[in-house]
Amino acid sequence: MTNRYLSIEQVDMTFHTKGGASNVLKGIDLSVARGEYISIIGHSGCGKSTLLNIIAGLTESTSGAVILDGKEVNAPGPDRSVVFQNHSLLPWLTVYENVALAVNKTCARTKSKAERHAWILKNLEMVGMSHALDKRPAEISGGMKQRVGIARALAMEPKVLLLDEPFGALDALTRAHLQEEVMRIQDELGNTVIMITHDVDEAVLLSDRIVMLTNGPSARIGEVLDIDLPRPRNRITLADDPAYNRYRQEVLRFLYEKQRKVERLAERRDNPQPTKARA
Ligand SMILES: Nc1ncnc2c1ncn2[C@@H]1O[C@H](COP(=O)(O)OP(=O)(O)OP(=O)(O)O)[C@@H](O)[C@H]1O
């Protein structure tokens, strides 16, 4: 296992808008090993999606570089597939066809037609969607759409799977089921995953490391927490596990501290101290 399968090197991001320049990310440095599951957590608006989009090649960083398996990332590519919170399936295609579109595009040279067909079925089976191959997105639930999105992403055999709050729009039970599925698939395939989440329990349950971003502007990596819990992990057993609860507390402490800092700054801004009268 190399420790630098994916490296994010001194990445800065400044957006130039009508209102002026806003520096969102500052000096982001992170090395990810092959097969590692990383979660990125931080307050709303700190720049998590911006960072994920830079890794995906959808946004160009102002400076710094992203290197994946020895090659610099400059544009989107099939070696990085993204699953967004709001399933991005094509509504006029069936479940099967949505996955087929991606597979036919990425595997046309490496797999025969029959192999591609089997591969599409295998990936849909992996996420428990074999029963709905001919359904269109409007005919299936939000959780099912997300399953198809994950199957489509996995079927492209990316070097890195990028998940942007993949379970964010789902109810608690569906979310828990999908987390279990992703853990099982991760155990089976050993993908390299970077996932954005707002959910502390989800981050601890799924990750090998949690990367915590400070609040923007100019968000940095504040802390990185190694989650040294054996796999396979079981959420019920872990609920009483002292180590699991310690990790949870660590992340919550980080988030609360950052929140308190923002509140103190806002208070100072709204109630400026009167300047002392000169003697
Ligand atoms: N294309 C853009 N142009 C200008 N500003 C942008 C652009 N994309 C993002 N931003 C700004 O960058 C900041 C970070 O946004 P981003 O979506 O990365 O945050 P986030 O941490 O993912 O937020 P959330 O948790 O709410 O999804 C925000 O202030 C946002 O308005």
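Tutor: Leaving aside its neighbours within four places in sequence, Leu205 is in contact with Gln179, Arg233, Arg235 and Leu238, where contact means that the C-beta atoms of two residues, placed from the backbone, lie within 7 Å. The model is a predicted one, in which local features need pLDDT of at least 70 and side-chain atom pairs count only at pLDDT 80 or more, whereas totals for chains, interfaces and linings use all residues. Residues are numbered from 1 along each chain as its sequence is written.

Leu205 itself belongs to helix H6, residues 200-206 (helices are DSSP runs of H or I of at least four residues, strands are runs of E of at least two, and both are numbered from the N terminus). Because 23 other C-beta atoms lie within 10 Å, Leu205 is buried (20 or more such atoms within 10 Å of its own make a residue buried, 12 or fewer exposed, and counts in between partly exposed, with C-beta atoms placed from the backbone).

Turning to helix packing, helix H2 (residues 95-106) and helix H4 (residues 142-155) pack at an angle of about 25 degrees, their axes 9 Å apart; axes are lines fitted to C-alpha atoms, for helices over the stretch in contact, and angles run from 0 to 180 degrees between N-to-C directions. H2 and H4 are therefore roughly parallel, since angles under 35 degrees count as roughly parallel, over 145 as roughly antiparallel, 65 to 115 as roughly perpendicular and the rest as oblique. To this contact H2 gives Val95, Asn98, Val99, Ala102 and Val103, while H4 gives Val148, Ala151, Arg152 and Ala155. By class, the residues in the contact of H2 with H4 are seven nonpolar, one polar and one charged (Ala, Val, Leu, Ile, Met, Phe, Trp, Tyr, Cys and Pro count as nonpolar, Asp, Glu, Lys and Arg as charged, and the others, Gly among them, as polar).

Helix H3 (residues 113-126) also meets H4, with axes that come within 9 Å and cross at roughly 135 degrees, which makes H3 oblique to H4. Here the contact is made by Trp119, Ile120, Asn123, Leu124 and Met126 of H3 with Ala151, Leu154 and Ala155 of H4. That contact has seven nonpolar, one polar and no charged residues.
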